[in-house]
Amino acid sequence: LAQASWPHGNPVSQPIAQPASAMDSNAPKLAKVEKVLGRTGSRGGVIQVRVQFMYETSPELAGRSLIRNVKGPIREGDILALLETEREARRLR
């Protein structure tokens, strides 16, 4: 088995040190990639994904899903740390 040139492990390298109740509102919210919707951008350098927020870091957002644009390699099951949770990307045409 050949080693992949770009590891697709968990992009969040630091463990969560505080419980969700003690975190401030500016802390990144973790969201799991449910589905890769396709490529967008003038050269296809951006990937559009549907993410679902995880309960651990944001109980108030748990279960809610958004469409976001991601730059770089991504696949289903990856975890994103989102700094902003209000804005949703426009759907691909």
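Modeller: Buried means under 20% relative accessible area, exposed means over 50%, and partly exposed lies in between, with a 1.4 Å probe and protein chains only. This is a predicted model, in which local features need pLDDT of at least 70 and side-chain atom pairs count only at pLDDT 80 or more, while totals for chains, interfaces and linings use all residues. Residues are numbered from 1 along each chain as its sequence is written, and side-chain values use heavy atoms, with hydrogens and water left out.

A salt bridge here is a side-chain nitrogen of Lys or Arg within 4 Å of a carboxyl oxygen of Asp or Glu. By this rule there are two salt bridges. Glu-84 forms one with Arg-68, with the closest N and O atoms 3.9 Å apart. That pair links distant parts of the chain: Arg-68 is in strand 3 and Glu-84 in the segment after strand 4 (79–82), 16 residues apart. Strands (E, at least two residues) are DSSP runs, numbered from the N terminus. Glu-84 also forms a salt bridge with Arg-87, where the closest N and O atoms are 3.8 Å apart.

Arg-68 is buried, at 14% relative accessible area. Glu-84 is partly exposed, at 25%, and Arg-87 is exposed, at 56%.

As for the strands, two of them pair if DSSP finds at least two bridges between them. Strand 3 (residues 65–71) pairs with strand 2 in the antiparallel sense over seven bridges. Within this pairing, Leu-66 in strand 3 is the bridge partner of Val-51.

How values were computed. Helix = DSSP H or I, 4+ residues; strand = E, 2+ residues; numbered from the N terminus.
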